[in-house]
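Hi,

Here is the structure I promised to pass on. Have a look at it first, and then read on for what turned up.

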Amino acid sequence: MSGSKPDILWSPHHVDRYVICDSELSLYRIESVGNSEAKAGALRLSEETTATLLAINSDTPYMKCVAWYPKHEPECLLAVGQANGRIVLTSLGQSHNSKCKDLMGKEFVPKHARQCNTLAWNPVDSNWLAAGLDKHRADFSVLIWDISSKFTPDASVTTDKIRLSAGDTDAGLVVTKPLYELGQNDACLSLCWLPRDQKLLLAGMHRNLAIFDLRNTSQKMFVNTKAIQGVTVDPHFHDRVASFFEGQVAIWDLRKFEKPVLTLTEQPKPLTKVAWCPTRTGLLATLTRDSNIIRLYDMQHTPTPIGDETEPTIIERNVQPCENHIASFAWHPSSQNRMVVVTPNRSMTDFTVFERISLAWSSTGSLMWACGRHLYECTEERNASSVEKDISTKMRQRAQSRYGHDTEQVWRNYLLAGGDDPQLKSLWYTLYFMKRYTEDLEQKPLVNKLPLVYSGIKNIVKSSSGTVESWCCWNGSDRQADVIRYHSDERCLALQLCGWIKRGPEIDVEPFLQSLEAEREWERAAAVALFNLDIRRSIQILNKGASAEKGDLNLNVVAMALSGYTDEKNSLWREMCSSLRLQLNNPHLCVMFAFLTSEPGSYDGVLYESSMAVRDRVAFACMFLSDSQLPRYIEKLASEMKEAGNLEGILLTGLTKDGVDLMESYVDRTGDVQTASFCMLKGSPGEVVKDSRVQCWIENYRNLLDAWRFWHKRAEFDIHRSKLDPSSKPLAQVFVSCNFCGKSISYSCSAMPHQGRGFSQYGVSGSPTKSKVTSCPGCRKPLPRCALCLMNMGTPVSSCPGAGKSDEKVDLSKDKKLAQLNNWFTWCHNCRHGGHTGHMLSWFRDHTECPVSACTCKCMQLDTTGNLVPLDTV
Amino acid sequence: MELHILEHSLKVASIAKEGIQFFTHGLIKLAFLPSKTRCKFFTLTETPEDYTIIVDEEGFKELPVSEFLSVAEATWLALNVVSGGGSSSSSQPIGVTKIAKSVIAPLADHNISVFMLSTYQTDFILVRERDLPLVMHTLSSEFTLLRVVNGEAVAANSLGVTNGFVKPKLVQRPVIHPLSSPSNMFCVTSLDPDTLPSVATILMDVMFYSSGVKESAAPSDDLEYIRFFSFSLIEGYVSLVMDEETQKRFPLNVLFTSASGELWKMVRIGGQPLGFDECGIVAQISESLAAADIPAYYISTFKFDHALVPEENIQSVIGALRTNEGGGQ
């Protein structure tokens, strides 16, 4: 305020008034634009608000500080502290107020002149005005004046010694005797009354912060510090005080006054003002010299698990209310987060600090954000399909339906996944066929092709040898068909993996056709029959399809067309079929005619019909492509699948590195880490599982389950995983060791029978088995006692049936075999007290503190996740 | 009570009157442009004999080396008594009088030489840095000792050395140096540092051109008249000691005046330069004043000591000191 720098003060009771003080005092009224549009001389503060100058007071020169009377009446009474230490009461635009008149112009003069640094009205006893002055060797620096006191010439001071200047001698207007004098031979730079008690005054003295108690002025509480400027109490938390020194703000807790509870990051320039926001808890605004930004510190108390030692979370933010340097600012007393800033040339800006938005996205897809005092929940418009189509929703549903866990009928996992995804169907059938084949092999003594099955058809056909070519006949006729069919063990294996034929050397597609008929896949069945050169069966299937319930009558027409097949090269049938087949919608029907009309050895019409299932195309290729054509075709198809991330391609690549590549592009496309994890775990050779990408999918899937709180599902997954990939089994995490001998108490199970005998020999205890349970098997010393029941702990499970007790095991029912978890012992990692799990749980149902006497540890609260319930139980 | 040991390392120097022109640049910088130096402690006292400068090491760099500058060999530390924990309600014995019994007398008993500097705001007791252990030992019983480090007061670890220090000899201290009391009256005052620039020219005139003004303003043949002016700028606080005539040259409302507008008369101690080694001089004077409950300022300079006492008390002070003088001999 000194010189040209203006300060701003908000009226304590009129939310629309404030005073700007520099060399004079100016009272402004703030209004919204709508109300004052017509008025001349209104200053624009923001888009919505203007300020009107109501009054100017330039009666008081040498102003150093100003304080606004805290009570309603008289309104607009100001105390002005001057450079010579005098305090003058003055007012603005209140000439008619008679109550105010008595006080107007009243002066409070210290014995020795020096600068008045700060003023503070007592908020309760509003006659009391505290003034903080600079140092004088023989005077006090904190003077508390009673503004209602009358001037009474001090009898001890002889009149001739009082050399007041001429105007001051008006009796009743000058007061020289303060109510209290504090802080001798010290300087006071800042003051505030503490809301805890109306007689407590906090003062920033020369090198310390002091709390003066007016009930006993000989006592004061103080702490040596540099941070003594601008003391201010948090209006929302009366024990929290901020003060500053140069660029650093210190936050104090008056209950723990020895040192600042925290110091905020130092700013490069010296601070000029620090103020708590009156409308928002824990928000502190700071301003430095020559700066156009206001730095905000948002102090949030988050419940921290470990006692009081952790510092509160502080979020720092800068706001820039205007372009120019800011001289001062003042928070609006009631409007949330609003302030008015004033620049050195007195231009003012009305500014609202926008509240931080914190956003939280739940693992189940709902979105919430908090802004100020509002909490918004974002729900998607009822467009259910998009949510349901989302992979996270799908994975969640699939996890609940135990997708991936069927290790016997592996193909059933496709049904668990919802049964509507052809790629998943193909994948799980492939895995099923692979598993079935390996099981067949396991029954045979000769196990040489085991790795080959899982490496996919691509590798199987590469190793193909001893292919037999044969000209085939149409089934049921002797007519020579114009096609060559190839046979080999590998091709046979490939057909098995494609699901066309069952195990065994016979190439018999009839069971497959029947299963397709059962699934009403008439066209596909017809096509498969045709590829097996059985036109009659094919026609029969089509007829069946046409006559079946809701059957397509057009199938009869197709059957008719099929029956007209002739191998005459230039026939009308052939000509028409090869052109008209393209108009058929069903790809299977289309490829049937493509097959019949194609030249021997070139079946592109079939092989590149992309809407036909890969397994059918591959099976077809395995039957009709030569050893030179087949690998090329498979290679090409596999790389197409890999590119597209099509799971049908797993048939070709198997669970190899190629397969992981394919799965990678599938995961990139869909985000379905669940399928990827389960699929790759099936790769029993285990090489692929070690791939870092696979590990990444697995970890992500586990995290996902944890995020959904599907902890049981995660545990099941871990069990499932450790079965298929034993290397993932976690090491034992915890040992309970004996306090005396240091050995694990479950360690020496096998040694127990001897110990038991030892006990009975010495007659230490009646029942040897009992003593075993509650004492260390290593050194026989008792285990600790439960804090609640005071019995020695120990559970029968630690004496798990050893090898020698197998006869007992038989008659143990399941309940008895596993000891009750209630009997197991548990302990707090913080205070190290513990007891039986059941006792502890029941204790903490009603208590927060540890059951051990004089231990104040809040054991249960330390475990923040312990109170959450898994979502996947029931 | 707390005793703060301030962090300034001080030099005490004397500038001969005829050589003052070589130093004006540095002195003006130290006095009026505090933001241009890192000096935190600066005083300039003009006596008829010389200019005494007390300045910290940062400020000392501003002074040129010259034959006109003589520097006391030791480094000095400033001590400052703060009422600290309990704010005693009685404000009666002020200034040097207040600390006479608790600080000055014990130091004198231990043969520790002190250099006093009273300002408007407070009293500084300067002791040699090398005497600090003994000072701390002597005063630790009476005071909480705090050392100021980076502006923050921290507990000074008492050295715990008790042996090796000579037991104090408690003797009567007669006033041994001749006293004189000039006729002019003084005021001790201060001003708002913000207004310092507005009176800088007057202050410069007073500081450096006193001889010229004096000849015209006051009769030079007045033997009782003394030329004395002190300016200090310590940790941002300005303190001034000047005579009534000089005060009249300042505009109204710039200088701080106390409500009682008190004026002070001077007692000048020493017939010839006192030097820095003799101890007990301050004690001789202040103890007598304390006994009579008379407030006082005390300003030591390079050559002589000066005590300021309220004008109405000057006769009784002189009387008391003379009595003491007689008693000693």
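Before the findings, one term: a cavity here is a set of grid points where a 1.4 Å probe fits but cannot get out. Please also keep in mind that this is a predicted model.

Let me start with that second largest cavity, which holds about 120 Å³ of space. It is lined by 14 residues, and those closest to its centre are Lys135(A), Thr122(B), Phe124(B), Ile234(B) and Glu235(B). Two strands of chain B, S12 (229-234) and S13 (237-243), each give at least two residues to this lining. Sorted by class, the lining has seven polar, four nonpolar and three charged residues.

The largest cavity has a volume of about 160 Å³. Val114(B), Gly275(B), Glu278(B), Ile281(B) and Asp305(B) are the closest to its centre among the 22 residues that line it. In chain B, helix H3 (96-109), strand S6 (114-118) and helix H8 (281-291) each supply at least two of the lining residues. This lining divides into 14 nonpolar, five polar and three charged residues. Counting every cavity of 30 Å³ or more gives 10.

Now for chain B as a whole. It has nine helices and 16 strands, and 57% of its 329 residues count as buried. Of its contacts with a separation of 6 or more, 78% are between residues 24 or more positions apart. The accessible surface of chain B is about 13600 Å², with 53% of that belonging to carbon and sulfur atoms.

Finally, the aromatic rings. Over all chains there are 39 aromatic pairs. One of them joins Phe595(A) and Phe620(A) edge-to-face, at 5.5 Å centre to centre and with 85° between the planes. Phe595(A) sits in helix H15 (residues 587-597) of chain A and Phe620(A) in helix H17 (residues 614-624) of chain A, so the pair ties together parts 25 residues apart in sequence. Both Phe595(A) and Phe620(A) are buried.

Trp264(B) and Tyr297(B) form another edge-to-face pair, 4.8 Å centre to centre with 90° between the planes. This pair links distant parts of the chain, with Trp264(B) in strand S14 (residues 264-269) and Tyr297(B) in strand S15 (residues 297-300) of chain B, 33 residues apart. Trp264(B) counts as buried because its relative accessibility is 4%, and Tyr297(B) counts as buried at 3%.

Back in chain A, ring pairs link Trp500(A), Phe512(A), Phe531(A), Phe595(A), Tyr603(A), Phe620(A) and Phe624(A) into a cluster.

Enjoy exploring it!

Key:
Residues numbered from 1 in each chain as written. Chains lettered and ligands numbered in written order. Predicted model: local features only at pLDDT ≥ 70, side-chain atom pairs only at ≥ 80, totals over all residues. Heavy atoms only, no water. Helix = DSSP H or I, 4+ residues; strand = E, 2+ residues; numbered from the N terminus. Buried < 20%, exposed > 50% of the residue type's maximum accessible area, 1.4 Å probe, protein only. Contact = heavy atoms within 4.5 Å. Areas by Shrake-Rupley, 256 points an atom, 1.4 Å probe, with all protein chains shown as cover. 1 Å grid on protein atoms, 1.4 Å probe; cavity = no way out; pocket = protein on both sides within 12 Å on 5 of 7 lines; lining within 4 Å. Points joined across faces, edges and corners; volume = space filled by probe spheres on them. Nonpolar A, V, L, I, M, F, W, Y, C, P; charged D, E, K, R; others polar. Phe/Tyr/Trp six-rings, centres within 6.5 Å; stacked < 30°, edge-to-face > 60°.
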